[in-house]
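Biologist: I am new to this structure. Please show it to me, and then I will ask what stands behind each label.

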Amino acid sequence: MVQGRIYPALFTMEKTSVLSLNNLSKRFGSVLANDAINLTLKQGEVLALLGENGAGKTTLMNMLFGHYVPDSGSIDVADETGKMHPLTLGHPQAALDAGIGMVHQHFTLAENLSSLDNILLGSESLFSWRHKRKKARKKITAIMQRTGLSAPLDEKIGQLSVGERQRVEILKALYHDAKILVLDEPTAVLTPNEADTLFENIAAMTREGLSVIFISHKLHEVLAFSQRIVVLRHGKLVGEIITADANERKIAQMMVGADTPATPRQAMPPGAPVLDLKSLTIKGENTRNSLYDADLCIHSHEIVGIAGVSGNGQSALARVISGLITPNSGSISMNGEKLTRFTPPAMLKAGVGRIPEDRHHDGIIGAMSVSENLIIERLSDSDVQTYGFLKQHNIATHAKELCAAYDVRGPGIESAVRLLSGGNIQKLILARVFESSPHLILANQPTRGLDLGAAGEVARRLLEARRDGAGILLISEDLDEVLALADRVFVIHNGHLTIAHNKDRTTIGLMMAGEKAC
Amino acid sequence: MLRIEPRESPSRWWTLGVPIASALLALLLAAIPLAFAGANIFEGYRQMAKGIFGSTFAFTEMLTRATPLIFTGLAVTLAFRAKLWNIGAEGQLYLGAMAAVIVGTGMIDAPPFILIPIILLAGASAGAVGMAGPAYLKTRFGADEVVTTLLLNFIILIFLQMMLEGPLKDPMGMGWPQSKPIVDDGILPQLLPRMRVHAGLIIALLAAVIAHIMLSKTVWGLKLRAVGENAAAALHAGIKVKRTIIGAAIVSGALAGLAGVGEVTGLRGYLTTDLSPGYGYTGIVVAMLAGLSPIGVVISALFIASIFVGADSMSRAMGVSSYLADLVVAMSLICVLVGGFVARYRITRTGKGDV
């Protein structure tokens, strides 16, 4: 299989299955990440796998590639003759041997090695490496000619553009004789021109008999370049459609679901403005961390939801309201007063309670005790300290009360927070935030990774705070959550905030994908 | 194949037992080089014990050795707790000693109860400045403090040589590169007659207690620990991270400076470039062996000092090299590091081929 066509046998067997996933399930703790997924991939086909973040796409592909062992189910892969064989689960090497190649969103290349060496790395024995280079170069050149994928083989990866690096990754998979190629959000890092080139290459590869699974959020790409679309939501396969029969509205509907969950929310007239952002601009190092000309007003007794696919400027918005960055232009007012200092203490003083997105990274200090973590935001308060000495007794009593009130369960208030479960850590953060009765609550992905019980508790607390007069900025990738909780919904895309005039899922789904609302 | 995974909660037995077990293991392993040196192993251990507990003088010598180690151990502990890797205690020790010599050799004429505090303050300040610099470079420009503090040690030592050949040189010193002697009123009092152990030990023990209280009972200590454990979360919670790091640096440098003051004003009486046989570096071992606990530092400093003094006496009595002491100290550090790893991670055997 070194020279000539790579897929001679497959080429003669148009439209047969090359891969079938049978009843794959995977559970992480109380979260069912994949629920009995059945999927087949035809030879020479581009299959698009769509779904919101956390829908289970990555889990599914990690099971296919042997990174995770499924709890139940099996995977069959066709050999060169087209006969299906069960794949040994949980072994990346078995997946590689069966001809499954994966190109991750974040490249796995060594920057200080040449493209050629990177392609060889991992597949060739290090001892005979030098001798095989010549042979390998010949094979790679042949692949490049057939597929149109081009990359400078002798340049170091560090000097290549992102598009070129991606082509090296794909070449690496093809060099391993991949028959099935999984591309995880391949265009996320590419410029539009590079993306077009990529799709031309993919088309050439599928003509050669390669089958491609293509993970994406972007509806227009999926519609233009795939033959079949499969949609995952909450770990379930919820829809499958031939691309020719699909349109954006249909897919968006499948992605976000049609059912509106019951809202336990009472109608409530909004009060006075709490937070007022006026043409706020934050220029991050890329669009993921930028926000352009954002206008947003949040009133008391109001929850404003920000929907959007992650990496569209949510973090810039959250970081500025947390006091971690200073905006480049525009203004932020709290309760009618314009803020001049953008530091965490200044924000706390202005009455902003912050529930951070990454609770382990920003929310808690894992090695420190529950009681210490509960007072960490108000170390200058007189009930916590006198003349710099901690009032240990007060702190312990305070911790016991809060843990009881917010049902934080763990080994005890003096034990390290790291020993608590994710849900209990989030409850601890809620306790810390709500205790100070903030005027504004920034809830950034407040239920991410939580089981249903803990997520329900978070929602209940947010609604309670709304009733008590707080304004709440809810940033979430979970559209169901935004729709269930928010009074008004904004969509964030590429750093731009746009109001959604009605809470229609399909319209919002389209806006999240960057399409103009119709 | 072996699988390494973190233990959910390192048990109390492990965290307490590991330092003790590694200290004992290091002592046991010392038998190997001892045997290579051709000595009787049991006689070696006996001589070692005799060198530590054999007489009042031997025991006080051990305490004298432990004094600077408590200071440098505390200096390293406070810095490391803030994840500020102060490798420069050696240099800060010499800065403290230099400051002590500058104010304590006749510049100020005052009774002991005024002069001694002034000397201590001067030495602590000099050490603090010596560590504040690298901390500022770290917080302002992101300069790696491991590199800056380590290299500063050599700069300070060479600077000291220059000073001892120049402005600080004792005109009565027969041409030796040494400073003028500390005036009598500036000398730290002896604790016992005819023994070398001095009031520096009391100050060191006091410093350990104060450091313990500051770390566990004050807002300052809570902030320092928070920054050390998770700087991102500390920043998010409104703690001024940079200020906290610089604060830790100042206290750490001051403690290392006090080690130098104690050696000059309590033991030697004048300053030379061989004041410290690497107390600053050994302070790192002391701190790690103590699990970065201030009270533990006292115990581990006593242990390390015992090794040094015991090995000295053994080498004199049996004619083996006194470098054995360095060997045991180094081995105990390695044992602690390995032991700490075992305490934090569980190593399990898995079937072949499992990854």
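Biologist: Which residues does Leu271(B) touch, not counting residues up to four places away in sequence?

Modeller: Leu271(B) touches Tyr94(B), Ala97(B), Met98(B), Val101(B), Leu160(B), Leu164(B), Pro177(B), Gln178(B), Ser179(B) and Val264(B). Contact here means heavy atoms within 4.5 Å. This is a predicted model, where local features need pLDDT of at least 70 and side-chain atom pairs count only at pLDDT 80 or more, while totals for chains, interfaces and linings use all residues; side-chain values use heavy atoms, with hydrogens and water left out. Residues are numbered from 1 along each chain as its sequence is written, and chains are lettered from A and ligands numbered from 1 in the order in which they are written.

Biologist: What makes a set of residues a nonpolar core, and which members of the largest one touch the most others?

Modeller: The members must be buried Ala, Val, Leu, Ile, Met, Phe, Trp, Tyr or Cys residues joined through side-chain atoms within 4.5 Å. The largest such core has 115 residues, and Ile376(A), Ile70(B), Leu74(B), Met98(B), Leu271(B) and Ile304(B) touch the most other members. Helix 4 (residues 56-81) of chain B gives the largest share of this core, 12 residues. Another core, of 94 residues, lies apart from it and has Leu160(A), Ala195(A), Val309(A) and Ile355(A) among its members.

Biologist: Why is Phe434(A) called buried?

Modeller: Buried means under 20% relative accessible area (exposed is over 50%, partly exposed in between, with a 1.4 Å probe and protein chains only). Phe434(A) has 11% relative accessibility, so it counts as buried. Phe434(A) lies in helix 15 (residues 422-435) of chain A. Leaving aside neighbours within four places in sequence, Phe434(A) is in contact with Tyr406(A), Ile441(A), Arg461(A), Leu462(A) and Ala465(A).

Biologist: What makes a stretch of chain a helix or a strand?

Modeller: Both are DSSP runs numbered from the N terminus: helices are H or I with at least four residues, and strands are E with at least two.

Biologist: Why is the pair Asp71(A) and Lys26(A) called a salt bridge?

Modeller: The rule asks for a side-chain nitrogen of Lys or Arg within 4 Å of a carboxyl oxygen of Asp or Glu. For Asp71(A) and Lys26(A) the N to O value is 3.9 Å, so the pair meets the rule. Asp71(A) lies in the loop between helix 2 (57-64) and strand 4 (72-78) of chain A and Lys26(A) in strand 1 (residues 17-28) of chain A, so the pair ties together parts 45 residues apart in sequence. Asp71(A), at 47% relative accessibility, counts as partly exposed, whereas Lys26(A), at 12%, is buried.

Biologist: How many salt bridges does this rule give over all chains?

Modeller: The count comes to 31. One of them joins Arg228(A) and Glu240(A), whose closest N and O atoms are 2.4 Å apart. Arg228(A) is in strand 9 (residues 228-233) of chain A and Glu240(A) in strand 10 (residues 236-242) of chain A, 12 residues apart. Arg228(A) counts as buried at 6%, and Glu240(A) as partly exposed at 47%.

Biologist: Where do Glu457(A) and Arg460(A) lie?

Modeller: Both are in helix 16 (residues 452-467) of chain A, 3 residues apart, about one turn of the helix. An α-helix has 3.6 residues a turn, so residues three or four places apart point the same way.

Biologist: How many salt bridges and polar contacts does the model have across the interface of chain B and chain A?

Modeller: The rule finds 1 salt bridge there: Glu372(A) with Arg225(B), the closest N and O atoms being 2.8 Å apart. There are 9 residue pairs in polar contact, both residues at pLDDT 80 or more. A polar contact is a pair of N or O atoms within 3.5 Å; within protein, one must be able to donate a hydrogen and the other to accept it, and residues adjacent in sequence count only if both atoms are side-chain atoms.

Biologist: What is the area buried between chain B and chain A?

Modeller: About 2000 Å², of which carbon and sulfur atoms give 67%. Buried area is the accessible area (1.4 Å probe) that two parts lose on being put together, summed over both. In chain B, Val219(B), Leu222(B) and His236(B) lose the most area to chain A, together 33% of what that side buries. The contact takes 23 residues from chain B and 28 residues from chain A.

Biologist: Why is helix 9 of chain B described as mostly covered?

Modeller: In that helix, 8 of its 11 residues are buried, among them Val219(B), Leu222(B) and Arg225(B).
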